[in-house]
Amino acid sequence: MRRGRRGRRTQTDTSAALVLQAQEPSPLNTVAPIVSSYNDKIRPLLDAIDKLRDLKVTEEGIQLPTIVVVGDQSSGKSSVLESLAGISLPRGQGICTRVPLIMKLQHHSNPEAHLSLEYGGRVEDTNEVNISEDIINATNFIAGGGKEVSNTPLTLLVKKNGVPDLTMVDLPGITRVPAPGQPDNIYDQIKDIIMEYITPEESIILNVLSATVDFTTCESIRMSHSVDKHGERTLAVVTKADVLPEGLLEKVTSDDVNIGLGYVCVRNRIGDETNEEARAISDKLFQTHPLLSKIDKAIVGIPVLAQKLVQIQAASIARNLPEIVKKINDKLNACLSELNNMPKSLSTVAEAMTSFMQIIGASKESLKKILVRGEFEEYKDQKRMHCTARLVEMLSEYSDQLDKYDHSETKCQNFFMEEINILEEAKGIKLPNFVPRNAFLVILQGKVNEIKDLPIEFVERVWTYIEDVVISVLMKHSECYYQLQLSTRRAGHNLMAKMKEKSIKWMNEIVEMEKLTDYTCHPEYVSEWTRLMAGQTAFLSGLYGADHPSKITVCIGEVEVEGLRKYSHELVSQAFDLNMRMIAYWKVVLRRLVDYMALHLQLSVTNLVNKEIEKEIINELMGPNYGYGSGIERMLEESPSVAVKREKLVKSIKKLKDSKEVVSKIMDGIIP
């Protein structure tokens, strides 16, 4: 049905021509069909939009120009739509429309009307006699047999001679007070449906108002104003003009409620009147009634309403079509790009093996960067994944925890008592002035026992952190392969448990070595001991001198010495020497515990990344858990989320390609 001249012209020129070539409404003193040659011009555009709606392109976030019919309950919506469609719709008390009713009106030359309903994946033919009952049955199928509403649409196709080419969505009438059998939140349910349809900028709001009410109090006006404050896309049709003609002229001329597209006043069809009879009565009413006849004839009657809707619809489609085309192309390109960026669907073992090696290689490279080389560009905004920095912080915290076990305050109060007691018990038949080695070892073992749990706790904490990092990296690189994720996660946990166990065993050996030996070749020990011993003479002089002070300042601070005078000069001298040796040597021990841990971690992490992780994952895939090799075949199975995503993208691409074809055809007609 595409028509158009072959001359070169722009889409904007053509769109404007579609609107300007509209014919004036039929004279009101005749009962003419509410259709004109204008339908032939709008029909191809409207068909294209209807096809896009049938394709459900709105599910892709692409809004379509739509005439949305809203109104308070009993405002006369059904009567208006009946007059436009030339058929009978469900009427009665309460909410007659319980689901969005998409009405597709199509003029055709065949005198016999064709009607059909589409819902629930079915298309059912009907006729003018049964249409009202069939709509009720279809509504009950969608929303149930009660009085509840549903947002699932019902589509009514009316092909009939004389109807205007329009597509409208009739929504449930607004009610604030639930009727018996309706849910308490019926108002909120209806409001949510209405707001969903009228919010898009592409929607034209047909607001049905009863002449019997104050327009400023109408709930439908409040809702339309919330999304169209200045009424730029709102057209009002005033029903029941014959019921309360007083003041109607003032209402539609003063426009207190900002209806930007204007008003149309109509008389509702009453009782068993045919549409032809109702139109004739309406024409006469607006010509002869003392009050209604004063209203401009350009804003009264169903033919005028039909013509306005067709014109507004045409202008809206022409205005929005270029943007719709752009959005379809943009969305299609985005979906194609996203699908192309998804991992290839694996169909052979060779493809699975290739993908597996690529995943392992990428995972190892990521782990090398963040765990070994300190490169964190891949996880720039995730500080937890800046591993070398976090490991240094953990080592510093570990070192601080070890230093806290010095107990300086206790030692200041009981200065030398531990050394004296141990020296007393370490006496033997030997030369004097020699510090017994076994006394030094007893003190050393006691100090090591105090901190022996800290290194083990640190090992567990640091490997828990590394395990979290490794699993995160493995999951990221294998996210598209569900079975591989299961294997790599299990392999990662198993390997981390082995590495942790190995480190704990190694650390326990280090702790035991520190308890059993008192050796270091580090010159700092001797130099520190020498520095500390330089204060021995002054300490002993102060202790045994004439002043007898109760406290003396030494390297660890001010200490109480009153209880030391009862011991011999030789014993206290030995205790001083033993204490200073332990202070100097303990610094070496603590540094070794931190330094060795750092070196061990560096070696363990390097081995983990370079050798262990790949070997563990391969063993997992090739081992008994997967029938010695069938794990690669299991990789062919996509994760449920990836499979769903791929299927969704494929469906979206097909839908968008079909939509692109629809708009391409209509654009070819507009711009030859």
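A few questions and answers about this model follow.

Reply: This is a predicted model, where local features need pLDDT of at least 70, side-chain atom pairs count only at pLDDT 80 or more, and totals for chains, interfaces and linings use all residues. Residues are numbered from 1 along each chain as its sequence is written, and side-chain values use heavy atoms, with hydrogens and water left out.

Me: What distance apart are the end C-alpha atoms of α4?
Reply: Helix α4 covers residues 131–143.

Me: Within what arc do the buried residues of α4 fall?
Reply: Buried means under 20% relative accessible area, with a 1.4 Å probe and protein chains only. In α4 the buried residues are Ile131, Ile135, Ala138, Thr139, Ile142 and Ala143. They line one face of the helix, because seen down the axis, by directions to the C-beta atoms, they fall within an arc of 110°.

Me: Which residue follows α4?
Reply: Its phi is positive, near 90°. The residue is glycine 144.

Me: Is arginine 646 buried or exposed?
Reply: Arginine 646 lies in helix α21 (residues 640–670). Beyond neighbours within four places in sequence, its contacts (heavy atoms within 4.5 Å) include Leu339, Pro343 and Glu638. Its relative accessibility is 16%, so arginine 646 counts as buried.

Note on methods
Helices (H or I, at least four residues) and strands (E, at least two) are DSSP runs, numbered from the N terminus. The expected span of a helix is 1.5 Å times one less than its number of residues. Buried means under 20% relative accessible area, exposed over 50%, partly exposed in between (1.4 Å probe, protein chains only).
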